[in-house]
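The sequence and structure come first.

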Amino acid sequence: MAGAAEFVEADNAEAIIARIETKSRTIESLLKQYKHVEALKTALEGSPPKTLDERCKSANWIVVHRALMAIKDIDGMLNALDVEYYDTLMKYLYRGLSTGDRPTCDQCLKIHEKLTERAGLGCILRCLTDTLNTV
Amino acid sequence: MAVVDAHRFAESITCHAWSPDHSMVALCPNNNEVHIYKSSQDQWERLHVLEKHDQIVSGIDWSSKSNKIVTVSHDRNSYVWNLEGGEWVPTLVILRLNRAALCVQWSPKENKFAVGSGAKTVCICYYEQENNWWVSKLIRKRHESSVTNVAWHPNNILLATTSTDGKCRVFSTFIKGVDTKDPKAGSPAESKFGEQILQLDLSYSWAFGVKWSPSGNTLAYVGHSSMIYFVDDVGPSPLAQSVAFRDLPLRDVLFISEKMVIGVGYDSNPMVFAADDTGIWSFIRYIGEKKAASSGSSYSSQFSEAFGKFYGQSKSATANDASESSKSRGGVHDNCINSIVPLNKAGSLKVMRFSTSGLDGKIAIWNLENMEEELGQQF
């Protein structure tokens, strides 16, 4: 069962990366139109990718990171973002914090504070305890 | 107010159970003893100390019909205590475990009890008349980690378990000679001993408390990821729902009725979940409401003074950030609640009273009778 899943995944990884590339182009054009929230939504869509392939996860992180760093009005962004994205966003915030990169961490911490206010500690717990759907 | 009585018995309480008439409570004060207290005129008087275990007692259950107490402990043993001439006399039950026993529950008919353990097994124990001995039968397969909680289906055959491998499972515990085949029962009841009826993979992290609804149609269990799971139609095609909530995870659950569940856990304030007419479950509120301002209008004025006192502490805390106010809101419990026990009247399907105990060493008794309006729900 597990063997079969891995086999499918190897095939799948290319398809997922192709999809992320398309997503990346959409996000760039959205960012040019100053649609930051739309860009982030697009980035978070279909995440975390249903695979254990690290390349896919990294590729998706790059896309999310691009959209995340463009956000200026955090409250406005959270208002516009649907609640079901909160858990995924939290996971990417922790990924951002783990990079150790100063501007990324600054931005992630700012969003983390606001997101925790809204989504509560439960959101952090879900992100920390989920070892299967990692981003 | 929902809380009828709250009393601090010890530094910390691992588990508790009530006598059949609810006048006595057996509890473990986080050591190898079980203390039995009797309530008399607003006082709690210690009647007995059951000393037989060598390590922390992790589970107690008091059977309501036969008045027997079963205890399990980290010392891997279990005792069945019987009251003989004013003294509690223990009978050792050999569980054949190589890890700690973690939880115990009498079956509805009280002819069996189930023990969950750290040895990835569940023991089903039953009494053998000819040998005057409790026998333990093990369900060894399936569990990939410690069994944290067990719950009996009202039919006395099905047993639900939660485990730290994140799964909730339902087993048949049919034992020849102990259980009789019920011609009216459905197919699950006819399965062999230890057969797995269902495995639920809803949680990605540790699963803790599990309970059946009074009819046995719905199953609820909680995960360490601040989620609670509801399963209808337990069988080949179960209908599952996951409900995420915003605060700290739950440790145990209790069905108040078919459509209402109380969850207790790290947030130290019991949460109410309910199903609407279409069967969709959602978080309703805390029993001791933490947002005094938003809920204030729904309480009648005679309560306001008491509520003022109750929220005296929490009002000062609201200025702080969200994480701090959840700690110091001045609720009944001020630490993790790890168990919730129903206090039914005999023969009643609705649970209007229940008790909670936790790491703060308190046992609180809650009454929902005057809460119906506040909860705005049909019980």
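Helices here are DSSP runs of type H or I with at least four residues, numbered from the N terminus. The model is a predicted one.

Thr116(A) has a relative accessible area of 15%, and because buried means under 20%, Thr116(A) counts as buried. Its side chain reaches the backbone oxygen of His112(A) at 2.6 Å. When neighbours within four places in sequence are left aside, the residues in contact with Thr116(A) are Met90(A), Leu121(A), Ile124(A) and, from the other chain, Arg246(B).

**The interface of chains A and B**

Chain A contributes 14 residues to the contact, and chain B contributes 14 residues. Between them the two chains bury about 1000 Å², with 60% of this area on carbon and sulfur atoms. On the side of chain B that touches chain A, the residues divide into 6 nonpolar, 6 polar and 2 charged. There are 7 residue pairs in polar contact between chain B and chain A, counting pairs with both residues at pLDDT 80 or more. How many salt bridges does the rule find across the interface of chain B and chain A? The number is 0.

**Salt bridges**

Over all chains, the structure holds 12 salt bridges. Side chains of opposite charge can pair when their charged atoms come close.

| Pair | Distance (N to O) |
|---|---|
| Glu28(A) and Arg66(A) | 2.8 Å |
| Asp75(A) and Arg118(A) | 3.7 Å |
| Lys211(B) and Asp252(B) | 3.5 Å |

In the salt bridge of Glu28(A) with Arg66(A), Glu28(A) lies in helix H1 (residues 2–32) of chain A and Arg66(A) in helix H3 (residues 54–70) of chain A, so the pair ties together parts 38 residues apart in sequence. Glu28(A) has a relative accessible area of 27% and is partly exposed. Arg66(A) is also partly exposed, at 40%.

The salt bridge between Asp75(A) and Arg118(A) links distant parts of the chain, 43 residues apart: Asp75(A) is in helix H4 (residues 74–80) of chain A and Arg118(A) in helix H6 (residues 102–129) of chain A. Asp75(A) is partly exposed, with a relative accessible area of 33%, and Arg118(A) is partly exposed at 30%.

In chain B, the side chains of Lys211(B) and Asp252(B) meet in a salt bridge. Here the linked parts are strand E18 (residues 207–212) of chain B, which holds Lys211(B), and strand E22 (residues 250–257) of chain B, which holds Asp252(B), 41 residues apart. Are these two residues, Lys211(B) and Asp252(B), buried or exposed? Both Lys211(B) and Asp252(B) are buried. Elsewhere, Glu14(A), Asp53(A) and Arg55(A) are joined into one network by salt bridges that share partners.

In the model, residues 140–172 of chain B are 52% strand and 0% helix. The end C-alpha atoms of residues 140–172 of chain B are 13 Å apart.

Notes: Residues are numbered from 1 along each chain as its sequence is written. Chains are lettered from A and ligands numbered from 1 in the order in which they are written. This is a predicted model: local features need pLDDT of at least 70, side-chain atom pairs count only at pLDDT 80 or more; totals for chains, interfaces and linings use all residues. Side-chain values use heavy atoms; hydrogens and water are left out. Contact means heavy atoms within 4.5 Å. Buried area is the accessible area (1.4 Å probe) that two parts lose on being put together, summed over both. A salt bridge is a side-chain nitrogen of Lys or Arg within 4 Å of a carboxyl oxygen of Asp or Glu. A polar contact is a pair of N or O atoms within 3.5 Å; within protein, one must be able to donate a hydrogen and the other to accept it, and residues adjacent in sequence count only if both atoms are side-chain atoms. Ala, Val, Leu, Ile, Met, Phe, Trp, Tyr, Cys and Pro count as nonpolar, Asp, Glu, Lys and Arg as charged, and the others, Gly among them, as polar. Helices (H or I, at least four residues) and strands (E, at least two) are DSSP runs, numbered from the N terminus. Buried means under 20% relative accessible area, exposed over 50%, partly exposed in between (1.4 Å probe, protein chains only).
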